[in-house]
Amino acid sequence: MIYDVVIIGAGPAGLAAGLYASRARLNTLIIEKEGEGGQIASTDEVANYPGSIQDASGPSLVARMVEQVDEFGAKRVIDEIKSVELDGKIKVLKGANEEYQAKTVIIATGAVPRPIGCPGEKDLTGRGVSYCATCDAAFFEDLEVYVVGGGDTAVEEGMYLTKFARKVTVVHRRDQLRAAKSIQEKAFKNEKMAFMWDSVVTELKGDGLLESIVVKNVKTGEEKEIFADEEDGTFGVFVFIGLDPATGLFTGLVDMENGYIKTDENMRTNIPGVFAAGDNRVKSLRQVVTATADGAIAADQAEKYISETFEA
Ligand SMILES: Cc1cc2nc3c(=O)[nH]c(=O)nc-3n(C[C@H](O)[C@H](O)[C@H](O)COP(=O)(O)OP(=O)(O)OC[C@H]3O[C@@H](n4cnc5c(N)ncnc54)[C@H](O)[C@@H]3O)c2cc1C
C-alpha cells in the first residue's frame with residue numbers, strides 16, 4: 001500500500017498534520033515510536049495553548065488531539081522509523097516492525113531533552129535522575145529534589161515538583177533566571193523553592209540510586225558534594241536545560257542548520273514531497289501552538305504537492 005502521507009512522530013505537530021491531512025481525504029498514516037503526544041504529554045500544565053484553560057494538562061490536550069485525528073480517519077501505528085529513502089517519487093521508510101511507502105513524508109520527530117553530559121548521569125537515569133516531572137514526581141514524595149536549569153520549563157516543572165517534594169532547589173548556571181517574569185514571581189513566592197546561583201552539576205553519584213551530586217560554582221570554581229539526607233538515603237535530580245532535535249535519521253539527506261531541519265515558510269525541505277513540522281525545524285519559538293501550525297501547513301502543502309505531482 002502506498003500512503004498519500006506518512007507522518008513520522010505523533011507529537012502536537014504530527015497530530016495536527018494528521019488531522020489536516022485526513023480531513024483533506026488523504027490516505028494518512030502517523031507512525032509513533034512511543035506514546036502519542038510527544039513532549040507535551042510530559043507536563044501537568046499547558047497554560048498557553050489558546051482555548052485550553054480548563055483541564056489543561058498535557059495528557060488531556062493530547063487525548064483530545066488523538067480523538068480528533070481518529071475521528072477523521074488517519075491511521076496510527078506504533079513503530080520506530082530507523083532509516084529512510086526520500087529521493088524517489090515514492091518515499092520508503094523502514095521501521096523496526098515494518099516498511100512503509102508514501103507519496104509524501106512529514107517529518108514531525110520533535111526534540112528530546114538535552115542531558116547534562118556529566119559522569120553518572122546515564123547510569124542513574126530512572127534511579128533518581130529524570131527529565132519528566134509529570135512522569136516521575138510521585139517517586140519523590142517528601143524527598144528533596146534538585147532541578148537543573150533556569151528557563152520557563154525548569155521553573156514551571158520545579159513548582160509542580162513542590163506538590164510532592166519536601167524542598168526543590170533550582171541549580172542555575174547564571175545569577176538570574178531566564179524564565180518569564182510572571183513565572184519567576186510565582187517561583188520566588190513559593191516557600192518550598194530555593195535557588196543555587198552560578199552553579200553547574202559536574203557529577204552524579206550513587207550505587208544503584210542517586211546519593212549525591214557534585215556542584216561547581218562557575219564564578220569561584222569551587223566544587224562541593226551535596227549528599228542525600230541520611231534518613232532519606234536518596235533524592236531527585238530533574239534536568240531541564242534545553243532540547244536536542246530528533247533529526248539524526250535525516251543527517252546528510254535533508255538540509256539542516258545545527259541539527260535542525262531547514263524549511264521554507266510552507267514547511268518544504270530541500271527534497272520534493274518531504275516536509276518538516278514542529279520542534280525539529282529551524283524556527284524561533286518551539287511551543288505547541290507553533291508545532292500545530294507547522295503540522296497544518298505541512299499537510300496542506302502535501303495535498304497540493306500530490307495533486308501537482310501525481311494527478312496532473
Ligand atoms: C516539560 C515540558 C513542558 C512544556 N510546556 C509547554 C507549555 O506549557 N506550552 C507549550 O506550548 N509548549 C510546552 N512545551 C513544548 C512543547 O511540548 C513542544 O513545543 C511540542 O511538544 C513540540 O511538538 P512536536 O510535535 O514538534 O515534537 P514532540 O512533542 O517532540 O513529538 C515528536 C514525536 O516524534 C516521535 N518520534 C521521534 N523520532 C521518531 C522515529 N524515528 N520514529 C517514530 N516516532 C518518532 C517522538 O517519540 C515524539 O512522540 C513543553 C515541553 C516540555 C518538555
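**Sheet, cores and ligand shell**

Tutor: Let us begin with an open sheet of three strands, ordered E12-E13-E14 and paired in the antiparallel sense, in this predicted model.

Student: What makes strand E12 and strand E14 stand at the edges?

Tutor: Strand E12 (199-205) and strand E14 (223-227) each have a single partner strand, so one side of each is left without a neighbour in the sheet. On average, neighbouring strands here are turned by 25 degrees against each other, direction ignored.

Student: How do you know that E12 and strand E13 pair?

Tutor: Pairing requires at least two bridges between two strands. E12 and E13 (residues 212-217) have six bridges, in the antiparallel sense, so they count as a pair. As one example, Leu 204 has Ile 213 in E13 as its bridge partner.

Student: Which residues have the most contacts inside the largest nonpolar core?

Tutor: They are Val 5, Val 6, Ala 17, Ile 106 and Ala 277, in a core of 51 residues. Among the elements giving two or more residues to this core are strand E1 (2-8), helix H1 (12-23) and helix H7 (288-309). A second, separate core has 34 residues, including Val 170 and Phe 238.

Student: What makes Ala 277 and Ala 17 a contact?

Tutor: Two residues are in contact if their C-beta atoms lie within 7 Å. Ala 17 is among the contacts of Ala 277, beyond its neighbours within four places in sequence, so this pair meets that limit.

Student: How do the residues of the shell around the ligand divide?

Tutor: The shell has 17 nonpolar, 13 polar and seven charged residues. Those that come nearest are Gly 9, Gly 11, Gly 38, Gly 110 and Gly 278.

Conventions
Residues are numbered from 1 along each chain as its sequence is written. This is a predicted model: local features need pLDDT of at least 70, side-chain atom pairs count only at pLDDT 80 or more; totals for chains, interfaces and linings use all residues. A nonpolar core is a set of buried Ala, Val, Leu, Ile, Met, Phe, Trp, Tyr and Cys residues joined through C-beta atoms within 7 Å. A residue is buried if 20 or more other C-beta atoms lie within 10 Å of its own, exposed if 12 or fewer, and partly exposed in between; C-beta atoms are placed from the backbone. Helices (H or I, at least four residues) and strands (E, at least two) are DSSP runs, numbered from the N terminus. Axes are lines fitted to C-alpha atoms, for helices over the stretch in contact, and angles run from 0 to 180 degrees between N-to-C directions. A residue is near a molecule or strand if its C-beta atom, placed from the backbone, lies within 6 Å of it. Ala, Val, Leu, Ile, Met, Phe, Trp, Tyr, Cys and Pro count as nonpolar, Asp, Glu, Lys and Arg as charged, and the others, Gly among them, as polar.
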